[in-house]
Amino acid sequence: MKLIWILAALPALAQTGMREQMEASIAKQRAAAAIQRESVRRQFESVRIAPESAPEMDPACDPLSETAIEPIILDVAQAQSLPPKLLHAVIRQESGFHPCAVSSKGALGLMQLMPATADDLGVANAFDPRSNIEGGGKFLKGLLDRYKGDLARVLGAYNAGATTVDLAGGVPDIRETRNYVDSILRRVGN
């Protein structure tokens with residue numbers, strides 16, 4: 001919708017010489033998005049994750065090493081009374097340890113927080129690894145409390161939303177969500 005508004009406003013902007021700059025910027029953004037989509041497709045094809053569940057990555061955004069991220073995971077796990085293996089598995093599944101990951105639905109960072117969820121959790125910068133994991137840890141803890149420790153429901157809600165889980169009376173029969181839940185449960189040993 002914003003693109004339509006911008007294009008409609010272009011004739012007026014031409015008077016100030018900004019039209020060409022905006023068109024060039026839009027073209028660069030489209031080219032960068034195409035590169036990201038192809039990179040993500042190749043990456044997730046190699047590990048057999050359904051493309052619709054794969055986050056997009058900035059090609060310049062390298063994954064964090066597990067040793068670099070482990071102290072953050074341990075701090076957040078302790079603060080939220082969560083198993084470190086759970087945080088580790090969610091981060092691996094959500095972003096593959098890429099702090100700049102952005103999903104096609106707009107989820108951000110290592111734990112793929114939706115912008116509204118990040119705001120609700122007080123995450124000012126969803127691309128900051130510590131802030132993102134702290135927010136994701138709070139979110140997981142809230143879901144664990146809500147679903148009384150039922151990890152399958154927690155993970156289903158993390159992936160598809162609590163309303164969807166509540167309406168389904170458990171993990172919803174959505175292929176992406178079932179695969180997500182099964183993959184993480186295998187990683188944490190449940």
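Q: Hi! What separates K141 and D145 in helix α6?
A: About one helical turn, because K141 and D145 are four residues apart in α6. Helices here are DSSP runs of H or I with at least four residues, while strands are runs of E with at least two, and both are numbered from the N terminus.

Q: What kind of model is this, and how are things numbered?
A: This is a predicted model, in which local features need pLDDT of at least 70 and side-chain atom pairs count only at pLDDT 80 or more, while totals for chains, interfaces and linings use all residues. Numbering starts from 1 along each chain as its sequence is written, and side-chain values use heavy atoms, leaving out hydrogens and water.

Q: Back to that pair. What does K141 form with D145?
A: A salt bridge, with the closest N and O atoms 3.6 Å apart. The term means a side-chain nitrogen of Lys or Arg within 4 Å of a carboxyl oxygen of Asp or Glu. K141 is partly exposed, at 25% relative accessible area. Buried means under 20%, exposed means over 50%, and partly exposed lies in between (1.4 Å probe, protein chains only).

Q: How many salt bridges does the structure hold?
A: Seven.

Q: Nice. How far does α6 reach from its first C-alpha to its last?
A: It reaches 25 Å over 18 residues (129-146), close to the 26 Å expected at 1.5 Å a residue. The expected span is 1.5 Å times one less than the number of residues.

Q: And which residues are buried in α6?
A: Among them are P129, I133, L140 and L144. What covers the buried residues of α6 includes α3, α4 and α7, where contact means heavy atoms within 4.5 Å.

Q: Which residues form an aromatic pair?
A: The count comes to one aromatic pair. F139 and Y158 form a tilted pair, 5.4 Å centre to centre with 50° between the planes. F139 is in α6 and Y158 in α7, so the pair ties together parts 19 residues apart in sequence. Rings of Phe, Tyr and Trp (its six-membered ring) pair if their centres lie within 6.5 Å; planes under 30 degrees apart are stacked, over 60 edge-to-face, and the rest tilted.

Q: New topic: is Q112 buried or exposed?
A: Q112 is buried, with a relative accessible area of 8%. Its phi is positive, about 50°, although it is not a glycine. For context, most residues other than glycine have a negative phi.

Q: What about S81, buried or exposed?
A: S81 is exposed, at 57% relative accessible area. S81 sits in the loop between α3 and α4, and its phi is also positive, near 55°.

Q: Last one: where does pLDDT stay under 50?
A: Over residues 43-52. pLDDT is the predictor's confidence in each residue, from 0 to 100. The chain averages 83, and 68% of the residues score at least 70. Where pLDDT is low, the predicted coordinates should not be read in detail.
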